[in-house]
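Please keep the sequence and the structure in view while reading.

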Amino acid sequence: MLISFSIFKEPINIQMSLKKLLLILAFALISIQGYSTHYLGGEIVWKCKPNGKYQFTLSLYRDCGSPVSISTAPRSLLTNCGVAISCAYISTDDVVPTCYTGSEICAPGPSGTGRMQKYTFRSGDIVLAGSPPVGGWYFGYSEFGRPGSIQNLAGAGGLGYYLRATMYPYTPPGSTTPLSGGTAANPTCFDSSPNFLEDPQVVACANQDVVYNNLGYDPDLDSLHYFWADPLTTAAGALAPWATGYS
């Protein structure tokens with residue numbers, strides 16, 4: 001099963017400046033053994049700091065069943081905001097469901113069992129001056145590839161990932177002009193993106209009901225909305241092709 005999540009937040013008071021769409025290709029859960037690649041998804045989030053600048057965090061998830069490791073080299077985000085954003089390696093953490101009693105580490109084993117490693121990359125302070133266009137500033141990251149054993153996508157092993165988050169302009173009630181991020185010399189940021197407080201530590205079995213709370217959280221207390229989305233495979237917006245019988 002391939003699961004992807006989208007989040008966007010609606011400002012609920014005039015202190016919140018931006019609507020944001022956080023498209024999170026969160027994780028893939030597969031129920032058969034075997035692998036061809038190792039990425040299980042990721043997240044892009046940002047934080048508004050007191051100095052008026054933004055700090056971006058890129059998280060990537062690796063299947064512990066794959067012998068392929070993730071490079072710790074800096075990662076550059078793809079963006080249309082006119083500013084280069086590079087994220088340096090911060091840490092590697094095991095994300096292992098608690099049902100694996102006595103196995104709380106990313107031990108080698110069959111692919112698709114829910115054992116993951118989370119690689120975290122983080123930027124320095126970034127100035128985003130002015131206002132986003134109507135379509136928003138996007139922040140993306142592209143990487144290859146998906147486990148070939150995913151059954152609900154056609155040719156999954158030959159498909160890449162594209163993670164994307166979008167920051168939209170915010171026009172306060174009664175105003176005709178969106179709020180500005182200031183200038184390079186005097187930057188101003190308004191709010192942070194949503195985030196997940198819970199890592200994707202879940203194992204789902206076929207034909208069983210699953211109740212899962214990823215603890216989606218907004219530090220500015222804006223409202224959160226979730227919806228299903230087609231997974232993206234390239235920065236050009238190509239959609240992953242569903243296998244026959246799936247959509």
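This is a predicted model: local features need pLDDT of at least 70, side-chain atom pairs count only at pLDDT 80 or more; totals for chains, interfaces and linings use all residues.

- Leu77 is in contact with Ile44, Phe56, Leu58, Ile85, Cys87, Phe139, Gly140 and Tyr141, when its neighbours within four places in sequence are left aside.

**Aromatic pairs**

- The number of aromatic pairs comes to 6.
- One of them is formed by Phe56 and Phe139; this pair is tilted, with 4.7 Å centre to centre and 50° between the planes.
- The pair links distant parts of the chain, since Phe56 belongs to strand E4 and Phe139 to strand E8, 83 residues apart.
- Phe56 and Phe139 are both buried.
- One aromatic cluster is formed by Trp46, Tyr54, Phe56 and Phe139.

**A buried residue in a loop**

- Ile70 is found in the loop between E4 and strand E5 (75–79).
- Is Ile70 buried or exposed? Ile70 counts as buried because its relative accessible area is 4%, and the term applies under 20%.
- Leaving aside neighbours within four places in sequence, the residues in contact with Ile70 are His38, Tyr39, Leu60, Tyr61, Arg62, Arg75 and Tyr119.
- Ile70 and Tyr119 are 49 residues apart along the chain, and their C-alpha atoms are separated by 7.7 Å.

**The second largest pocket**

- The second largest pocket has a volume of about 300 Å³.
- Its lining is made up of 19 residues, of which Val45, Trp46, Lys47, Thr57 and Asn195 are the closest to the centre of the pocket.
- Strand E3 (39–48), strand E4 (54–63), strand E7 (116–123) and strand E10 (195–196) are the elements that give two or more residues to this lining.
- E3 provides the largest share of the lining, namely 5 residues.
- The lining residues divide into 8 nonpolar, 7 polar and 4 charged.
- Trp46, one of the residues closest to the centre of this pocket, is also part of the aromatic cluster with Tyr54, Phe56 and Phe139.

Note on methods: Residues are numbered from 1 along each chain as its sequence is written. Side-chain values use heavy atoms; hydrogens and water are left out. On a 1 Å grid over the protein atoms alone, a cavity is a set of points where a 1.4 Å probe fits but cannot get out, and a pocket is an open set with protein on both sides within 12 Å along at least five of seven lines; lining residues have an atom within 4 Å of a point. Grid points are joined across faces, edges and corners, and a volume is the space filled by probe spheres set on the points. Helices (H or I, at least four residues) and strands (E, at least two) are DSSP runs, numbered from the N terminus. Ala, Val, Leu, Ile, Met, Phe, Trp, Tyr, Cys and Pro count as nonpolar, Asp, Glu, Lys and Arg as charged, and the others, Gly among them, as polar. Contact means heavy atoms within 4.5 Å. Rings of Phe, Tyr and Trp (its six-membered ring) pair if their centres lie within 6.5 Å; planes under 30 degrees apart count as stacked, over 60 as edge-to-face and the rest as tilted. Buried means under 20% relative accessible area, exposed over 50%, partly exposed in between (1.4 Å probe, protein chains only).
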